[in-house]
Amino acid sequence: MGCQGVFHTASPVIKPSFDPKTEILEPAVKGTLNVLGSCKKNPSLRRVVLTSSSSTVRARDDFDYKIPLDESSWSSLELCETLQVWYALAKTQAEKAAWEFCNENKIDLVTVLPAFVIGPSLPPGLCSTASDVLALLKGETEQFQWHGRMGYVHIDDVALCHILVYEHEGASGRYLCSSTVIDNDELVSILSARYPSLPVPKGFAKLDRPYYEFNTSKIRSLGFKFRPIEEMFDDCIESLVEKGLLSLHSAHQRPLS
């Protein structure tokens, strides 16, 4: 009560062995509606910002790859369920439920759709994203092999994007938050050239995945500028080194420019 803005950033974490309905799907939707139900009771509320995901846009097989995906695109619930992409399914269901609730209850909702988030890690442990990156930098391919082509964004940009769409009077609807979309092979080429002392994989097996790009002109139209992929991985690697999880066996502790 009394606050003007609410940021709902949480989502259930996928565990090695889990029941998707009770541990991922239901908590994502019910948790979101629970927060919004409290928002409804607050007469001081100005705006709610919900952290969604770019996976709510790209999990579909019926788009023209020549046209970049934008905020008007929604992932196919049926395709997510068929492929058992539970995270994308949960985020899509939760965002759709949020829009329905907020439209019915006249709540000003804005959603942010981050791509794969890269950068320094605040907690002592590693989230699944940071764990995947660490494995890649140590030469493992299993986790990133499945990712295929991905959008990437700096964690600081994700935070700043949330602040911007909350504070900007003209902000409305959904906002894709992604700096760059690249294939795995291109990513490891950048990383191996920048960090030659790390055993970054040379390449990946080709996956039968649709090519896509993101159209981020909507958030850029508010004056937002994204950090490049080199900076986000530099900050990520520096954080991993500081935590003692990664060693740069070279005189060059900073990346080669």
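Residues are numbered from 1 along each chain as its sequence is written. In this predicted model, local features need pLDDT of at least 70 and side-chain atom pairs pLDDT 80 or more, while totals for chains, interfaces and linings use all residues; side-chain values use heavy atoms, without hydrogens and water.

**Exercise 1.** Determine whether the span of helix H10 (residues 229-242) agrees with expectation.

*Solution.* Step 1: helices are DSSP runs of H or I with at least four residues, numbered from the N terminus. Step 2: the expected span is 1.5 Å times one less than the number of residues, so the 14 residues of H10 should span 20 Å. Step 3: the end C-alpha atoms of H10 lie 20 Å apart, which agrees.

**Exercise 2.** Classify the exposure of Tyr65 and Tyr211.

*Solution.* Step 1: buried means under 20% relative accessible area, exposed over 50%, and partly exposed in between (1.4 Å probe, protein chains only). Step 2: Tyr65 has 49% relative accessibility, so Tyr65 is partly exposed. Step 3: Tyr211, at 38%, is also partly exposed.

**Exercise 3.** Describe the geometry of the aromatic pair formed by Phe224 and Phe226.

*Solution.* Step 1: rings of Phe, Tyr and Trp (its six-membered ring) pair if their centres lie within 6.5 Å; planes under 30 degrees apart are stacked, over 60 edge-to-face, and the rest tilted. Step 2: the centres of Phe224 and Phe226 are 4.9 Å apart, with 65 degrees between the planes, and the pair is edge-to-face. Step 3: both Phe224 and Phe226 are buried.

Key: Helix = DSSP H or I, 4+ residues; strand = E, 2+ residues; numbered from the N terminus.
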